[in-house]
Amino acid sequence: MNNSLWAKVVALFARLFGIPTAQPEVMNGDLNLLEWWSVYRSKAAWLDYQYVTADGRKRTRKRFTINAAKIACAEMAGLVLAEIPEVTAGPLVDQVILKERFWDNLTKALEYQGALGGQVIRVTLEGGLEPEIGLDFIKAQTFMPLAWDNSHVYEGAFIDRRVVGKKTLLRVETHRKGTEVEGTREGYLITNRVFDDGTGLEVPLSDFDEELVASVFVPTTEPLFAYIRNPEANNIEPESPLGVSLFANAMDTLQALDIAFDGLKTEILLGRQRIALPGVVMRSYIDPEDGKRKKGFDPTDEAYIRLEGDDADKLKPVDLSGQLRVEQYRQGIQTLLDILSVQTGFSAGYFSFDGTSVKTATEVVSDNSKTYKTMQAYREALDVGLKHVFRVINALGTLYGIPGATVTDPLIAWNDSVIESRDAKAAYWTSLVTAKLTDKVSALKAIHGLDDAGAEAMAAKIKDENAAVTSASLFGTGA
């Protein structure tokens, strides 16, 4: 979504809901959604670079970018979903997860969430006599919160953009709490309206989709969507329910990184040998920009050819090649990456630069590392949102008689074996048992991820094996 379209969307929401008066912080441009999205997509404004050449002309070019914002968001998403968690929420949820390729889509959506400060997962219901439940993963810039409390956003509106013929149409889908028009049931009223992006006027729903209906009432007490925000406090608009980008407070560092990386690449590109020759030996050429004849040399020439008839003293070349400063640039980029690591919630030194690309730490070494704590904070926010989505799936399944629905609360078991140092974890719990600060069953549960029954069975087995070894050694029958 570009700036002009976003401005139209803001104006549209202002007209429909009066948001600038009631909730100005939601629409405030200072949230910089579009700027964060541009930086994530390697289209930051600072990449457009102007410079003046030796002939006095002002020229422009694109800086090389290290794309650190994308790297940081992808790394955090990878840590949060390092292993697919085990979900216990009933057969219907299992079916939806499989049908919607849930974990693949969530991994991408989680990366976008890191960049934009939040994401929305919306539960959809399609079909007539045999309704089918689906999911939509929605980026933050196409969602507008309308009502919220301390725990969650419970009313909102979604923007869907579609090009039909020569027109660009905007569909506004709102979810508002209310009471059924003919009845007393409470639930959510979902409405659709379509507007012409060019004129701003409302058009018939059929222009957008022949099957689109004006409104539908769903008798559920919970919203059919979950807004999942980044765990960092919103220091840009503290009153807003929206989250801030993972790199919102590291924009200066990201800019400095791109400038440093561009300097390194330019240093290498321009660091080839330079030889100065007198003007009399340079070839003349026609400048295609102004049509004037000028003197210079063809940089693609691999050797200079002596022109006959000139004074030999004037043909002595002067080597102007300088020493490459690759190591200085590498150290500068590494320093900036160290700063970025801290600013984005990773442990100091998590990102490293080997001279060609950015590397990341191979594991999160302990439960006390900053990286681990940040990852856990993201995971906890995601856990709450996913459980809400799973509850809504089961609620709709029960409401509309879809097989496999259950009323039990969903459970999500997260596995950290990939990102934790298992040796460090085992040593930590062993030290607690040795110091008599915890029991063996609790230690086995933490180390091996067992439940109570499994840990007790393993403890009993270990006890029996140790007793057998001791008995064998006492009677001299051990190996």
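**A loop serine, then the strands**

Analyst: Start with Ser42, which is partly exposed because its relative accessibility is 25%. Keep in mind that this is a predicted model.

User: Where does Ser42 sit?
Analyst: In the loop between helix H4 (33-40) and strand E1 (48-52).

User: OK, on to Arg101. What is phi there?
Analyst: Near 45°, a positive value in a residue other than glycine. Arg101 lies in the loop between helix H6 (91-99) and helix H7 (102-116).

User: Is Arg101 buried or exposed?
Analyst: Exposed, because its relative accessible area is 56% and the cut-off for exposed is over 50%.

User: Now the strands. How many bridges join E8 to E9?
Analyst: 11 bridges. Strand E8 covers residues 167-179, strand E9 covers residues 186-196, and the two run antiparallel. Across this pair, Leu170 stands opposite Phe195 in E9.

User: What's in the turn between E8 and E9?
Analyst: The hairpin has 6 residues between the strands. Gly183 in this hairpin takes a positive phi near 155°.

User: Which strand does E9 join by 2 bridges?
Analyst: That is E10, and the two run antiparallel. Phe195 comes up again here: its bridge partner in E10 is Glu202. E9 and E10 also form a hairpin, with 5 residues between them. Gly200 in that turn has a positive phi of about 80°.

User: And how many bridges join E9 to E11?
Analyst: 4 bridges, again in an antiparallel arrangement. Thr191 stands opposite Ser215 in E11.

User: What about side chains along a strand?
Analyst: In a regular strand they alternate between the two faces of the sheet.

User: Switching to the surface. Which residues form the negative patch?
Analyst: Asp207, Asp209, Glu210 and Glu211 form a negative surface patch.

User: Where is Asp209 found?
Analyst: In the loop between strand E10 (202-203) and strand E11 (215-218).

User: How accessible is Asp209?
Analyst: Asp209 is partly exposed, with a relative accessible area of 30%.

Note on methods. Residues are numbered from 1 along each chain as its sequence is written. This is a predicted model: local features need pLDDT of at least 70, side-chain atom pairs count only at pLDDT 80 or more; totals for chains, interfaces and linings use all residues. Side-chain values use heavy atoms; hydrogens and water are left out. Patches are made of residues with over 30% relative accessible area and no salt bridge: like charges are joined within 9 Å, nonpolar side chains (Val, Leu, Ile, Met, Phe, Trp, Tyr) within 5 Å. Accessible areas come from the Shrake-Rupley method with a 1.4 Å probe; for residues, only the protein chains shown count as cover. A salt bridge is a side-chain nitrogen of Lys or Arg within 4 Å of a carboxyl oxygen of Asp or Glu. Lys and Arg count as positive and Asp and Glu as negative; His and the chain ends are not counted. The place of a charge is taken as NZ of Lys, CZ of Arg, CG of Asp or CD of Glu. Buried means under 20% relative accessible area, exposed over 50%, partly exposed in between (1.4 Å probe, protein chains only). Two strands pair if DSSP finds at least two bridges between them.
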